[in-house]
Amino acid sequence: MTRAISGRSRTMAFSVWPIPLRSWRNSPGRLLVLTLGATAIGVVGWSGDPWTLPLAMVFPAVWSLAGSRFSAALIASAYFLGASRGLPQGVSNFFGSDILLGLSLWVGASLAFVGVHAACWSRREGWRQARNYVLANVLMSVPPLGIVGWANPVTATGIIFPGWGWWGLGVTIVVLMVSTTRFRWPAIVIIGALALFSAVTWTDPASPARWRGIDTSFVSGRDQYADYGQQLSTMALVREAAADGAEVVVLPESAFGIWTPTIEALWRRGLADLDVTVVGGAVVLTETGYDNLMVSVAAGSSAVLYRQRMPVPVSMWQPWTSDGANADFFGNPVVTLDGLRLAVLLCYEQLLVWPVLHSMLFTPDVTVATANGWWTGSTNIVAIQRVAVTAWTRLFGVPVAMAFNHIQSDLRPKHE
């Protein structure tokens, strides 16, 4: 009699459930919830605030809950597009075009991320899914697909494991793997607890002694470079920093404009009475296009310090033409200045994984991070770059000097 009553109770319990559990797994409602969740993770996690960045680590858990490969693709696209939502406006500003070009490049840039995460998704749950997520993450971290590997959740490692270095990166990968299994909720709770602890005990990454990074707000534009007036204004900022005790001053990307013997002579003459070294961005024309680089200059010398490994695809790096910026994916991971080993992250490289890890393999003494964000306008792209640099330098405990040119306005340069 007891068995009969128990059996009837189980039947009644399932009869009031409106949708069978297997059907719910593939239902439109569930997919909508997961897609909206992935969008929120991308938008909030990559808001440009360091305290929200750990939220990006929840993405693998949401991705693993997809009921089909199509669902996995939709969830991945929602996360990536949410994280990179500033791109359409930034592209429109850069090219001086309408928003349609920006939208096209925004969607196009997402295809690699979406395709990889759809291909690596598995119907089999458990550790096979965990293994597949690691494969997807690695593919989006190194060239060729890593060229557009933005919004990688491992970037948050330095927020929750400051100073842990490679061990912290390993632990993060394990946590992300666990979050794709049936133990995802404990993993998410651990991420949340660590993020909260980090926020309470937050410390900014250290700055190298007697170094000064200078942010500027010069109006720039595509194919426009620093003119004579801007050079003098920048030099005045350097003199102020030197008077305040700085021995090395870091300027943003493109601060020197096109590096020529005339510009070199101007700066060496301007620094003649100062005991200071200036590190700033410049462009050098070559037979195959141009190099986007960092130059060091002082009263008695100047030198090309660093050549960018990964310029921005399409707008700068155009391998199908001979007019774009040159790329050397694994060149000069560290450079030397006054006996110090520098890891230079120039603009777009700050959004990727492999340039950072490539440099950290060589144990740098200082990280130098610069960018020219004139084209980003009122978007959060520069804020995201700063947060990414902050996270990585906190992880490896490397002092950092940052310098950004950023204009808080909607710039639309006009071209003839």
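Q: Contact means heavy atoms within 4.5 Å. What kind of model is this?

A: This is a predicted model, in which local features need pLDDT of at least 70 and side-chain atom pairs count only at pLDDT 80 or more, while totals for chains, interfaces and linings use all residues. Residues are numbered from 1 along each chain as its sequence is written, and side-chain values use heavy atoms, with hydrogens and water left out.

Q: How are helices and strands defined?

A: They are DSSP runs numbered from the N terminus; helices are H or I with at least four residues, and strands are E with at least two.

Q: Which residues does helix 10 cover, and what is its span?

A: Helix 10 runs over residues 165-178. The expected span of a helix is 1.5 Å times one less than its number of residues. For the 14 residues of helix 10 that should give 20 Å, and the end C-alpha atoms are 20 Å apart, which agrees.

Q: Which of its residues are buried?

A: In helix 10, Gly-165, Gly-168, Leu-169, Thr-172, Val-175 and Leu-176 are buried. Buried means under 20% relative accessible area, exposed means over 50%, and partly exposed lies in between (1.4 Å probe, protein chains only).

Q: Where do they sit around the axis of helix 10?

A: They cover an arc of only 125 degrees around the axis, which puts them on the same side of helix 10. The arc is that of the directions from the helix axis to the C-beta atoms. An α-helix has 3.6 residues a turn, so residues three or four places apart point the same way.

Q: What do the buried residues of helix 10 pack against?

A: Their partners are helix 4, helix 8 (127-139), helix 9 (157-160), helix 11 (184-200), helix 14 (354-360) and helix 15 (381-396).

Q: Is Ser-64 buried or exposed?

A: Ser-64 counts as buried, at 2% relative accessibility. It belongs to helix 4 (residues 59-64). Not counting residues up to four places away in sequence, Ser-64 touches Trp-121, Gln-129, Ser-179, Thr-180 and Arg-184.

Q: On to pockets: how much space lies in the second largest pocket?

A: About 260 Å³ lies in the second largest pocket. On a 1 Å grid over the protein atoms alone, a pocket is an open set of points where a 1.4 Å probe fits, with protein on both sides within 12 Å along at least five of seven lines; lining residues have an atom within 4 Å of a point. A volume is the space filled by probe spheres set on the points, which are joined across faces, edges and corners.

Q: Which residues line it closest to its centre?

A: Of the 18 lining residues, the closest to the centre of the second largest pocket are Asn-137, Val-138, Ser-141, Val-353 and Leu-357. Helix 8, helix 10 and helix 14 each supply at least two residues of the lining. The largest share, five residues, comes from helix 10.

Q: And the largest nonpolar core, which members touch the most others?

A: Among its 79 residues, they are Trp-46, Phe-59, Ile-75, Tyr-79, Trp-150 and Trp-392. A nonpolar core is a set of buried Ala, Val, Leu, Ile, Met, Phe, Trp, Tyr and Cys residues joined through side-chain atoms within 4.5 Å.

Q: Which residues of helix 13 are buried?

A: In helix 13 (residues 261-270), Ile-263, Leu-266, Trp-267 and Gly-270 are buried. They cover an arc of only 90 degrees around the axis, which puts them on the same side of helix 13. On the other side of helix 13, Pro-261 and Arg-269 are exposed. The cover over the buried residues of helix 13 includes helix 12 (228-243), strand 3 (277-286) and strand 4 (289-297).

Q: Is the peptide bond from Pro-143 to Pro-144 cis or trans?

A: That bond is cis, with omega near 5 degrees. Pro-144 is in the loop between helix 8 and helix 9.

Q: What is the phi of Cys-347?

A: Cys-347 has a positive phi of about 55 degrees although it is not a glycine. Cys-347 lies in the loop between strand 7 and helix 14, and it is buried, with a relative accessible area of 6%.

Q: What about Val-314: where is it?

A: Val-314 is in the loop between strand 5 (302-307) and strand 6 (335-337). Its phi is positive, about 75 degrees, although it is not a glycine. At 33% relative accessibility, Val-314 counts as partly exposed.
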